[in-house]
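Please look over the sequence and the model below. A short report on selected local features comes after them.

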Amino acid sequence: LARCSYLLQQGLFVGDLAYFYGEGAPATVPFWKAVNPAPPDGYDYDWVNADVLLNRMTVEDGLLALPSGMTYRALVLPDYVNQVTLPVLRKIRDLVADGAIVVAPKPIHSPSLADYDHQAEFRSIVNEVWGAVDGMGDTEHDYGKGKVYWGKPVAEVLAAAKTPPDFEYSRPEPDSHLVWIHRHDGDTDIYFVANQKRRAEDLTASFRVEGREAELWHPDTGEIEPASYEIANGRTTVPLHFDPLGSVFVVFPKKASSPSRTVPRPVQKELETVSGSWQVSFPPDLGAPPEIKLDKLISWTDSSDEGVKYFSGTATYSKDIQVSGSWLRDGSKLLLDLGKVDDIAQVSVNGKALEEILWKPPYRIDVTSAVKPGANHIEIKVTNLWPNRVIGDQQPNAKQRYAWLDYRPYRADTPLLDSGLLGPVRILAVTTAPH
């Protein structure tokens, strides 16, 4: 969160559209309803109010500009903003005359009684700026150096203004879905891109950036690595891999020495699935027995022991595994993959706790430097969430309460949450190979 917050405060937000939310009540962004016309895919936007429009917005080189340095390609008035005050109408006229692009319905009248005696001027400005635009047969009108549109898709308006999408991506599945935001800081472009699916995705993203190298900045680890890229037709294409619900910053920090670059990618091979039984120990005074043996990995909620079934807290799984010396000699990176975990895990190898806390899929950690050829003792501390213990305390046969709460949001019949190490636990070898 700290890394994301820091990067997302650098420079200025990049948005091609400024949406005006109007002067009516409630005077706020209409988050409760769909906006028409909607911002097209691949373009980002800001909302502005009348104060920004009247007092801060100007036109510079055909772009709407603010004193902060923010610029927009077009101003959009949604269909519900069909009334504007005379000062706002005058300002829209002046912006278009100076070269702005405005997408807006033809205003019907002013919502203010202060403009009652100026209806002739109001109608004159509307007819002058919008001309015959009606959103059906006539969808655009030139005025001064600028242009007014209504009834034409916003994507077509931006294409006519030679403004291609800021961000595009391939869709390996029909429902593949990424969200993104773009900031520009000096000569550096920063894109935050996040996978919205609970599955891994491999896709290609295209950025409206030219002539700059791409890097991947990982907010979860702080790792920065060079990315493969290809520059062509004013855009840079970058292949991206996302973990389930994963995210990454794609950063363009410096000029490219080549129009393309291929970075070797990791190749994963499964060496062994860890089978057999596990010893699981529980802390005292939380309802669970001191230790149990699991012949196979299951959710605690599937246990016949009610102390385990309703346990909330941290339990420790332990087991000895065998590591082949050949696994360590070929230069591969060894990963311990825990499979499914509910909800957080920390791994210890031969009595030494590894620093990384595993809190999201894939629950996978590098153990190359921690293991040795032969037998290795593995301990995995797994912590689940609180609801199961609260639900257990509500059971009719409960003899003791372990969760002391003023407010209990769960009932005895509330479904339990899967908990513990569910696996499968595997040992993986990772090497690199060219694309």
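## Basis of the model

This is a predicted model, in which local features need pLDDT of at least 70, side-chain atom pairs count only at pLDDT 80 or more, and totals for chains, interfaces and linings use all residues. Residues are numbered from 1 along each chain as its sequence is written, and side-chain values use heavy atoms, with hydrogens and water left out.

Helices (H or I, at least four residues) and strands (E, at least two) are DSSP runs, numbered from the N terminus. Buried means under 20% relative accessible area, exposed over 50%, and partly exposed in between (1.4 Å probe, protein chains only).

## Backbone geometry

Most residues other than glycine have a negative phi, and most peptide bonds are trans. Asn-36 and Pro-37 are joined by a cis peptide bond, with omega about 5°. Pro-37 sits in the loop between strand E2 (17-20) and strand E3 (45-48). Another cis bond joins Gly-423 and Pro-424, with omega about 0°. Pro-424 belongs to the loop between strand E31 (420-423) and strand E32 (426-433).

Lys-162 has a positive phi, near 55°. Its loop runs between helix H5 (154-160) and strand E11 (167-169). Lys-162 is exposed, at 74% relative accessible area. Leu-245 also has a positive phi, near 55°. Leu-245 lies in the loop between strand E18 (235-242) and strand E19 (247-252). Its relative accessibility is 43%, so it counts as partly exposed.

Trp-217 is in strand E15 (residues 215-217). It is partly exposed, at 24% relative accessible area. Beyond four places in sequence, its contacts (heavy atoms within 4.5 Å) are Leu-7, Glu-223, Ile-224, Val-248, Phe-249 and Val-251. Its side chain also makes a polar contact with the side chain of Glu-215, at 2.9 Å. A polar contact is a pair of N or O atoms within 3.5 Å; within protein, one must be able to donate a hydrogen and the other to accept it, and residues adjacent in sequence count only if both atoms are side-chain atoms.

Asn-384 lies in the loop between strand E30 (374-383) and helix H8 (387-393). It is buried, at 8% relative accessible area. Its side chain reaches the backbone oxygen of Phe-311 at 2.9 Å. A polar atom of that side chain also lies 2.8 Å from the backbone nitrogen of Gly-313. Residues touched by Asn-384 include Trp-300, Asp-342 and Ser-419.

## Charged pairs

The structure holds 21 salt bridges (a side-chain nitrogen of Lys or Arg within 4 Å of a carboxyl oxygen of Asp or Glu). One joins Glu-168 and Arg-235, with the closest N and O atoms 3.8 Å apart. Glu-168 lies in strand E11 and Arg-235 in strand E18, so the pair ties together parts 67 residues apart in sequence. Glu-168 is partly exposed, at 37%, whereas Arg-235 is buried, at 12%.

Asp-337 is buried, at 5% relative accessible area. It forms a salt bridge with Arg-426 (3.5 Å, N to O). That pair links strand E32 with strand E25, 89 residues apart. Asp-337 also forms a salt bridge with Arg-364, the closest N and O atoms being 2.7 Å apart. Here strand E29 (residues 364-366) is linked with strand E25 (residues 333-337), and the two residues are 27 apart. A network of salt bridges links Glu-140, Asp-142, Lys-147, Lys-152 and Glu-156.

## Surface patch

Ile-344, Ile-357 and Trp-359 form a nonpolar surface patch, with about 300 Å² of accessible area together. Patches are made of residues with over 30% relative accessible area and no salt bridge: like charges are joined within 9 Å, nonpolar side chains (Val, Leu, Ile, Met, Phe, Trp, Tyr) within 5 Å. Accessible areas come from the Shrake-Rupley method with a 1.4 Å probe; for residues, only the protein chains shown count as cover. Ile-344 is in strand E27 (residues 344-349) and is partly exposed, at 37%.
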